[in-house]
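I opened the model to look up a few residues and the ligand site. My entries follow in the order in which I made them.

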Amino acid sequence: MRPLARKLYHALYRACLRAQWRMLDWRNPPSSRADFPLPPARLRFRVAENASVLNFFTVGLRTAERLQEAMAYADFQLHDGAAALDFGCGCGRTLLWLARQSPDVRWHGTDVDAESIEWCRASIPGGVFSVNGPLPPLPYADGSFDLIYGVSVFTHLSEEHQQAWLPELRRILRPGGLLLLSFHSRNVWQPLEDASVVEREGFVFRTSPKLKGILPEWYQTAFQSQPSIVNALSAHFTDVGYLEHNLGDQDVAVARRA
Ligand SMILES: C[S@@+](CC[C@H](N)C(=O)[O-])C[C@H]1O[C@@H](n2cnc3c(N)ncnc32)[C@H](O)[C@@H]1O
């Protein structure tokens with residue numbers, strides 16, 4: 001597509017999205033009710049690139065279950081009173097379910113998206129939420145957390161941003177604590193023309209202006225090979241493991257702080 005035509009197509013796409021969100025919010029009004037907390041469609045879209053209500057709840061529940069499987073794989077138990085951090089929690093799609101299933105854990109969430117954090121504060125009882133910048137630091141003391149997980153966050157970060165975040169996540173994890181991070185599965189990037197570059201160099205970062213004004217400009221799409229992920233994690237963590245397709249089209253890497 002020619003540059004001008006592409007620009008017009010992207011602007012039209014964003015206008016259609018905004019119209020769709022208004023319609024979805026009219027049909028299912030956002031709510032902070034404890035029994036059925038529903039974020040506005042624009043916040044659901046920002047975590048899923050899909051604003052469907054059904055998708056928001058089913059993916060959140062499935063992700064919470066799969067993270068528990070990953071904890072079991074790592075032989076890790078989240079005991080009552082433990083502290084857990086959802087890094088890049090968005091509007092709480094996963095945290096919502098985990099906090100219901102384990103109400104005696106001290107749940108924290110952090111995200112660059114201030115509007116989503118505001119919604120979490122009003123809608124997820126028992127959670128403690130903060131807004132962070134695109135790069136470290138986070139506002140937590142060393143060794144604050146037993147568990148840190150990041151679902152579909154590193155999938156959007158450049159290699160430089162990922163390299164900046166790994167030591168920071170290590171800093172706030174307690175010794176012996178567990179880190180879970182998701183990455184695009186091989187089947188997602190294998191059909192792309194960049195696949196051989198991912199194989200050879202381990203990392204490809206794809207950018208597009210399509211969602212300009214809806215998502216931050218530095219928030220794009222990362223494709224990584226399993227060996228490069230394991231290498232990057234092994235520089236900061238121990239007992240690095242890898243669960244292919246743990247989250248469907250995303251794999252989950254597990255690692256401990258020594
Ligand atoms: C695809 S969404 C997933 C949200 C949530 N983890 C879930 O699974 O529903 C990615 C989230 O990561 C957040 N994010 C991206 N970069 C971040 C960063 N450097 N620090 C904290 N959050 C970040 C985005 O704002 C967004 O909420």
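This is a predicted model: local features need pLDDT of at least 70, side-chain atom pairs count only at pLDDT 80 or more; totals for chains, interfaces and linings use all residues.

Entry 1, I124. I124 is placed in the loop between α5 and β3 (128-131); helices (H or I, at least four residues) and strands (E, at least two) are DSSP runs, numbered from the N terminus. I also took a C-alpha to C-alpha distance: I124 and S196 are 43 Å apart in space and 72 residues apart in sequence.

Residues are numbered from 1 along each chain as its sequence is written, and side-chain values use heavy atoms, with hydrogens and water left out.

I found D113 in the loop between β2 (106-111) and α5 (114-123). D113 has 15% relative accessibility and therefore counts as buried. Which side chain does D113 join by a polar contact of 2.8 Å? The partner is the side chain of R46. A polar contact here is a pair of N or O atoms within 3.5 Å; within protein, one must be able to donate a hydrogen and the other to accept it, and residues adjacent in sequence count only if both atoms are side-chain atoms. A polar atom of the D113 side chain also lies 3.2 Å from the backbone nitrogen of E115.

H184 belongs to strand β5 (residues 173-184). I list H184 as buried because its relative accessibility is 12%. A polar atom of its side chain is 2.8 Å from the backbone oxygen of A222.

I asked which residues come nearest to the ligand. They are G88, R93, D111, N132 and V151, out of 20 residues around the ligand (a residue is near a molecule if one of its heavy atoms lies within 4 Å of it). By class I read 11 nonpolar, six polar and three charged residues in the shell; Ala, Val, Leu, Ile, Met, Phe, Trp, Tyr, Cys and Pro count as nonpolar, Asp, Glu, Lys and Arg as charged, and the others, Gly among them, as polar.

I then checked nitrogen atoms of the ligand. One is 2.7 Å from a polar backbone atom of G88. A polar side-chain atom of N132 is 2.9 Å from a ligand nitrogen. For P134, a backbone N or O atom lies 3.2 Å from a nitrogen atom of the ligand. The ligand taken alone exposes 590 Å², and the protein buries 97% of that (accessible areas come from the Shrake-Rupley method with a 1.4 Å probe).

I placed P137 in the loop between β3 and β4 (145-150). P137 counts as exposed because its relative accessibility is 60%. The peptide bond from P136 to P137 is cis, with omega near 15°. I noted beside this that most peptide bonds are trans, and that most residues other than glycine have a negative phi.

D239 lies in strand β8 and has a positive phi of about 50° although it is not a glycine. I record D239 as exposed because its relative accessible area is 58%. H245 is found in strand β8 (residues 238-247), and its phi, near 60°, is a positive value in a residue other than glycine. At 37% relative accessibility, H245 is therefore partly exposed. From H245 to A258, 13 residues apart along the chain, the C-alpha separation is 26 Å.

I located P30 in the loop between α1 (3-27) and α2 (41-48). P30 is partly exposed because its relative accessible area is 39%. How many residues apart in sequence are P30 and P40? They are 10 residues apart, and their C-alpha atoms are 4.9 Å apart in space.

Conventions: Buried means under 20% relative accessible area, exposed over 50%, partly exposed in between (1.4 Å probe, protein chains only).
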